[in-house]
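I opened this notebook to record what I looked up on helix packing and on ligand surroundings.

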Amino acid sequence: LTACGGTTKKDVENEGASAATTAKADPNAATKKGLTVGFLPKQVNNPYFTSADKGGEAALKELGSSYKEVGPSSATDTAGQVSYVNTLTQQQVDAMAVSAQDPGALCTALKQAMKNDIKVVTYDSDTKPECRNAFVSQASAEDLGRTEVQLLAEQIGYKGEIAILSAAQTATNQNVWIDFMKEELKDPKYKDIKLVKVAYGDDDAQKSFQQTQGLLQEYPNLKGIISPTTVGIKAAAQYLSGSKYKGKVKLTGLGTPNDMRKYVKNGTVEGFELWDPAKLGDLAARTAVALASGQITGKEGETFKAGDTTYTIGKDGVINLGKPTVFDAKNIDQFNF
Amino acid sequence: MTVTTPDKAPVAEVPRSSGTRLVDRVFKMRELAILVVFLVMIVITQAGNSEFLSEQGIKDLLLNATILVLVATGQSLVVITRNVDLSVGSTLGISAFAAGDYLQGGGNPVVAIALAVLMGIGFGLLNGLLVSLGQVPALVVTLGTLYIIRGIDSIWVGSRQITAAGLPDGFIDFGSGGISAVPYLALIALVVLVVTAYYLKHFGSGRELYALGSNPEAARLAGIPVRKRILAAYTFCGALAGLAGAMYLARFGNVDSGTGTGYEMTVVSAVVVGGVVFTGGSGSVYGAALGAMLLTSINSMLPALGVSSVWVLAINGILLILAIAVDRIVALRVASALKKRNARHA
Amino acid sequence: MTHPSDAGPAPVLALKAISKSFGAVRALRDVSLELFPGEVHALAGENGAGKSTLIKTLAGVHRPDAGQVLLDGEPVVFHGPGDARDAGIAVIYQEPTLFPDLSIAENIFMGRQPRKALGRIDHKATHAATAALMRRLGVELDPDRPARGLSIADQQIVEIAKALSFEARVLIMDEPTAALTGSEVARLFGVVRTLREQGAAVLFISHRLEEIFQICRRVTTLRDGAWISSEPIDGMTEDDLVRRMVGRDLDELYPKQEVRPGEVALTVNRLTREGVFTDVSFQVRRGEIVGLAGLVGAGRTEVARAVFGIDRWDAGDVSVDGKPLTNGAPSTAMAAGLALVPEDRRAQGLVMDMSIERNIGLTGLRTTVKAGLMDRGAERSRSLDWAVKLQVKYARIADTVNTLSGGNQQKVVLAKWLATGPKVLIVDEPTRGIDVGTKAEVHRLLSELAADGVAVLMISSDLPEILGMADRVLVMHEGRLTAEIPRSEATEETVMAAATGRTAA
Amino acid sequence: MPESLTRAVRWDTVVGAVLIVVLLLSFGTVDGFGNALNLSFLIGNTLPIALVALPMTLLVVSGEIDLSVASTAGLSGAVMGYLWNQGMTIETIIPICLLLGVVCGLVNGLLVTRLGLPSLAVTIGTLAAYRGIAQIVLGSDSVTDFPTQYLDFAAGRIGDTFVPRAFVPFLVLLVIAVIVLHATAFGRATFAIGASEEAARFAGIRVKRQKLILFTVTGLMASLTGVFWALHYASARYDNATGLELSVIAAVLLGGIDFDGGKGTLGGAIAGVFLLGALQNVMSLQDVSAQSQIVVTGVLLVLSVLGPRVAKQIAVARARRLTS
Ligand SMILES: Nc1ncnc2c1ncn2[C@@H]1O[C@H](COP(=O)(O)OP(=O)(O)OP(=O)(O)O)[C@@H](O)[C@H]1O
Ligand SMILES: Nc1ncnc2c1ncn2[C@@H]1O[C@H](COP(=O)(O)OP(=O)(O)OP(=O)(O)O)[C@@H](O)[C@H]1O
Ligand SMILES: [Mg+2]
Ligand SMILES: [Mg+2]
C-alpha cells in the first residue's frame, strides 16, 4: 500500500535518528561562573515545581550563577511552554532546565535552542532523548513503580483488589511508572492481589475526588489505591478521610509531607513516598552548569560531581537522583516541603 | 402600600382555555424533562451497581452537586437578565483561598465564610458596575475579569496552597458531615435555591429581572431601574460564587492558585442544560439546579458503572447534547400541537 | 405662540419651547403644546415631523436640549420613563414594547403588580385585573398567554390595556390604531371617550385623518420638527389639516387607474396550513390590484407568508406564471418574481442596524454582483434610485435605518422590494404608519405598478384603502376565504359582512 | 459628526493602530524581539489562533459561535496520529482528517439549524464529545515521528527570513476570508443574518443553509489547525490545542467583533489575534510572569469594550458642541 508514493511511518523509521553529540567532555574543566540558567517547569505556581525550582535557585547561587524561572500557568498549555522555550532562546540563557509537558512537542524548539548553543536539561518529566542533553530523573522509574506496589501490598497484607488513580492519561512519567507497577505485580508473591482498574483524575482535585468515589462504588471490595501523583493522592485522601472508608481502604503513592501530614495523623494513610523536589532542582541546576562548563556532554558513562556526590550518566543521558523517601507517622514531622 | 384583592372572585368568568393549561404544562415540563432524564440515569446506575444509592453514595452525589448548584443558581439570575458572568470560577478560587488563608491564621470559620462571600460580592459588584454602567457586552467584560481575577489570584497566592492540615477540624468535618445522608452543605444550597426561586417568582424586583432580560428597551420604557437590577444580579451571583468558594474549601480542604479554573464552562453548561435561555427572560433556578445535578451526577455515575474514564468525556458531551435536544424536541412538539389546537383565540 | 382661547382649567401637561436634536438631525425645534384635562388632542404631521420624538420627550425617554416640560404649571424634569409614569402619564409608544417571555398579565402590570403581605405579588389579582381590562376592550386574550407570537394587532391591544391600567391623568397614544381594524378602533374610541369624560387628557396620533376628526377636539400640527398650529378641529376640513401638515395641497388619496387585467400571474390553489388557514384559493392577474380584507387575526398575513415561502404549507400549491413554487423557500419565490412587503417592518422588513443602502441592497444580492463580488457602485445607485423615488427622508444613505422615523422606515421596506422589479407584489399593511402625503404616494405607486403589468395583492386593515384601491376584494374570516367581491359591489357593508362571517357570499 | 471621525474611532482601526505601535516600540526597545527567529516564533505560535479566528469571525458575525473548535483540532490531530501509527501514508491521512473536520462542523451545524438549538449549548456539548472521542482514539499515545519534510514545513521558515513557511498559505486563506466576508453577497448576507435573522429570511436569504456552510467551514478550518498543530509541535496527542477556543474568542472579541452578531471586520479580528500574540511575546521577553500576562489580557479585553463606548461618547459630545 505504501507503493503509491506517500510517506508512511515505516519510511520515517528508516530515515534513522541522528544523535548529535559533537563536543568532547573535559571532566577537569573549571566550573564557569556568571551563567544564567532558566528553569521552565510544567506549571508555575505549582507547589511541587516551586520547591524544585527553589532547590535549583539555591544551587545556582552557590555556584555563582544566576537563576530565572518562566513558565505557563497551566500544566496542559503545551503551546505556552513551547513559546517559553523560544523566549529563553531569545534571551540567550546559557542553559535551561525543562520539565516537559509533552515528550515531542517541545522538540523543535529545544533543538533550536541547542543549535543556539544553549544546554538543555530536562528534569521531572523527559522529552525524547535527542531533544535535550541530559535528563535528571527523580528516581528511577522502575524503583518508583515497584516500591509503591511493595508499600501497598504490605499495608493490605498481600491480598485483595487494588486500583491506581493516575493523573492525565497522557502523562509520560505516570505511564512509565504504571507499567513498572504492573511488572512488579507479576511476581508470584502478589498472586492474591488484583489490579482492577486504572482511573485518571487529570491532576484536578475535584475530578480525582470523584474518580475515587467511583472506584469505591464500582469495587466495594477494594482494599487499596495507589496514586502516583501529588494531586491525586491528596484528593483521594481527603475523600477517604470524610467517608466511611477511612482507614479501611489503604492509600499510598506519591505525595508531599505537608499535603499528607493530616491524613497520616488521622489514620487515613499509613505511608507514601516521594523524593525531595528541592534536591531534584538542585541536581538539575548542577547538571546544567556542568554541561555549560563543558565538564560533561550527556554521553553515557561520563561522571561529574554535584555537591558531595558523584553522579554517573546512564543510558540515553539519564541521571538518577536516588531512591525516594518513604514517609509515615514516625518520620513525617521531620520534613517540611 | 398594599393593594388588596376584592373578595369576590372576578376571575370566574374567564375560563382558562385548554391551550393555557397546555402552555402551563410545557413550562413545567421544561424542568420535568431534565428531571426524568436524571431519574432514569439514577435508576440505570443503581441497577448496574447497588452501592450507588447507598447512604455514602447519596451523600457523595449531593455533595458533588452542592457547589455547582450554588454557582449555577447565581449564574441563572445573571443569564435571565440577558447577561453572563464568566468570572465565577476565578471568583470562587480567590475567595476560597482568602477564606483558607484566614482560617490557617487561626480565624473563625463563620468569619471565614463571611469573608469569602464578601469577596464574591466585591467582584460581583465590579462586574455589575462594568456591565451596567458601561453598557458593554457582558461576555467580553466578564471574560476580561475572569483573566484579571485569576491573574490577581495567581500573583497573590503564588505557589502557596491551603491544605486540610492547616484548617480547623470542625470546618473540615462540616464540609463532609451531614444529617444521615444529607450533607450540611447540600442543606445550605437547598435553602439558597428555594429562597431564590421564591424571590424570583413572587417579588416585583424578581419579575423585573425576567422583564429586562426579555426586552431591555421595553424594560427601560416601563421605568424598571435596569442598571440597579443588573448590578444586583451580578452582586448576588458573585456572593454565591464566594459562598461556593468557602464550601469548596470545606469540602476539598485544598486550595491553590488554580482552584476553579475552567469552572465557568461547567456552570454555563449546567445553566443551559437546565433550560435557562441565553437570550434572557426565561428559565428557572430550579432548572439550573437540576442541570447542575445532572452534570455532576454523570461524573459519578459513569465511574460507578465501571465505564473506563477514557470514555467519560465523550459520553458526557453526548449526554449533554442529548439532554438539550430532547428538551427542545419535546418543546417543539408541544408547541405545534398547541398551535393546531389553538388556531386563534376566537 | 398662539394660546388656546378657551380659558378652561389649567393645562395638566405642557411643553414650552422644546428643542431636541439627534446629531445633526433637528427633530424638534422650539415646539410648544398644552394638554387640558378632559380633552382629546390630536398631534398631526408627516412622517419624521417629530411626533414620536415629542412624545418621548413628554414621557421622559428623551431629555430636551432646550425648553421646559410643565406639569400642572410647574416645570419638571423627568429623568426617565419611570418619573413620567409616577407623575400620572401613561404612554403607548409607536412600536410595541412588550416582554415576549412574560405573560400578558405581567406585561401589563410589570413593576406595579397588586401586592400581598410582605410585598409579595398577588398573581391572582393580577390575572383578574387583566381579564377585566380585556373585557373592557372587548377582546379575548388569555392573560396567562406569553406575549411572544402575538400578532402586531394583539400586541397593540396589550399596549392599550397597559396604558389604560394606569388610570392615568394623561394618556399619550402614538399611532395606537395603525394595526387595528374598524371594530377594535371603535372599541378603543369608546374607552377613550369614557376616559375623557372622567377628566383625563389624551394626546392622540394617527395618520388616519378620519379618526382625528372622529374623536379629537383640538389638533396640533408639526412640520419638519417645527410647530405649525394648534387649533380646534371644529370647522376644519381634512384638506385644511393636510395643508398644515404637508404645506401644500394633496394629490388624490386613491389614484386608482383603470387597467384591463392581463394573464393570471399568481395562482393559489387550495392552500392549507393546519390550524391557521384552510382551503384558500385565488388568482391575481397582471395589472390587477386584489385587496385581501378581514378582521385582525383572520389569517391574511399567514397566507401571505406561506405563499412567499416563509412558512410551509400543509396542502395545496402556489404558482407564479403557471410555474409551481417550492414549499417553504422564499429564495425560489423571489426568483420566480414574487415580492412580499411584510407586516412587521422592524422585525421582518428591515435589519435595523444596517444602513438604508444595505437594507435596500439586501434583495439585490443576486443581481448586483460582478464576477462573484458585490458591485458596490451598482448597489448604491440601485438603493439611491429607489430611496429617492419613494422620497425617503434621510440625512445620508449610509445612515442606519433605526434613525429613521417609522414612516420612512416603511418606505425603505417598499423600496427594497420594488427594487427587485417583481411580477407579483404582495404588500401586507403597506401604508401602516405612513402619513397621508406618502400614503397617496404609495397608492399612486401601486397603481402605476399595476398599470405596468405587476400583479398586486394588497392586505390591509384600512377598509377605505381597500375599497379605494382594489379591483377585487377577497375577504377572509377565521382562516377561510369567505367572499370575493368585485370593485363595483365592494362597500363597507359587504366587506364587513363577509369579514365577520355574516354573509352568504 | 464628520465621516472621517466616525471611521477613525472605529475599534478595529484602533486595534490595528495599537498593534503597529506595539510592534514599532518593541523593535526599538525590546532585546531579542526584532530578530528574524523571534518574529518567526511569534508568528508561528500565533498561527493556530489566527487560522481558527478566520472562520470564527464569520460565524460570530452571523450570530453564532463554535466552542468546539479546539476539540475538533484535537480530534483531527489524534486521528492523524492514530492513522499514522497504523501505517497509512500521510498524504492520505491529511485529507481524511480534513474530512473529519467537515463532519464535526456539519454535526454542529445540523444540530443548530435543524433542531434550532442554541449554538453555545450545542458546541459546549461537542467540545466535550469531540475531545472525548479523541481520547478514545489515541488514548495515552503521543505520536511524534511524522515525516521531516512536513514537520519542517509546519515549523520552519522561509530561508533566514522571519516568515514561517506556513504563513504564506495562511495569508492566502486570510485574503479569501476577507473577500468572502466583505466583498461578496455571501458576506453581506452573513452580516444581515447576524443583525436580524428574521429580516434576512424575509429578504430571501437562505439562513439555515448559510449557517450550515459556516459551521462546516469552521470545522474544516479547525481540523486544518489540528493538523498544523500536530506537525508544528511534532506531537499528536488527544489533548492538543486544549483551551484554544478561549484564546480565539478573546482575540476576536478584542478585535471588535460583536458577539450579538452583525458587526465586525476580519481586519479587526486578525489585528486582535496578533496584538495578543505580540504582547505575550514581548512580555515574556521582558520577564513579565505568566500571571501578570493574564491580568494584561483581561484588562485589554475590558478596555476593548469600554474604549469604543468612551470614544463614542466623546464623539457625540463633540458633535453636540458643533451643532449648538
Ligand atoms: N434615535 C434617533 N437617532 C437619530 N435620529 C432620530 C432618532 N429618533 C428620531 N430621529 C429623527 O428625528 C426625526 C423625527 O422622528 P419621529 O420619530 O419623531 O417622527 P414621527 O413624526 O413620529 O414620524 P412617523 O409618523 O413616521 O412616526 C426624524 O428625522 C428621525 O429620523
Ligand atoms: N410572527 C408570528 N409568530 C408566531 N405566531 C404569529 C406570528 N404572527 C402572527 N401569529 C399568530 O398567527 C395568528 C394569525 O395572525 P395575524 O393576526 O397576523 O393574522 P392576520 O389576519 O394577518 O391579521 P392582521 O390583520 O394583523 O394582519 C394569530 O394567532 C397570531 O398570534
Ligand atoms: Mg412616530
Ligand atoms: Mg396581518
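I worked from a predicted model, in which local features need pLDDT of at least 70, side-chain atom pairs count only at pLDDT 80 or more, and totals for chains, interfaces and linings use all residues. Residues are numbered from 1 along each chain as written, chains are lettered from A and ligands numbered from 1 in the order written, and side-chain values use heavy atoms, without hydrogens and water.

Ligand 1. I looked up the 19 residues around ligand 1 (a heavy atom within 4 Å); N47(C), K51(C), S52(C), T53(C) and T403(C) come nearest. I then listed polar contacts (pairs of N or O atoms within 3.5 Å). An oxygen atom of ligand 1 is 2.5 Å from a side-chain N or O atom of T53(C). A backbone N or O atom of T403(C) lies 2.4 Å from a ligand 1 oxygen.

Ligand 2. I found 18 residues around ligand 2, with G149(C), G299(C), R300(C), T301(C) and E343(C) closest. The surrounding residues come from chains B and C, so the site is shared between chains. Oxygen atoms of ligand 2 lie 2.6 Å from a polar backbone atom of G299(C) and 2.4 Å from a side-chain N or O atom of T301(C). For E302(C), I noted a polar side-chain atom 2.9 Å from a ligand 2 oxygen.

Helix pair. I noted that the axes (lines fitted to C-alpha atoms over the stretch in contact, with angles from 0 to 180 degrees between N-to-C directions) of helix 4 (residues 69-85) and helix 11 (residues 207-232) of chain D come within 7 Å and cross at roughly 55°.

Conventions. Helices (H or I, at least four residues) and strands (E, at least two) are DSSP runs, numbered from the N terminus. A polar contact is a pair of N or O atoms within 3.5 Å; within protein, one must be able to donate a hydrogen and the other to accept it, and residues adjacent in sequence count only if both atoms are side-chain atoms.
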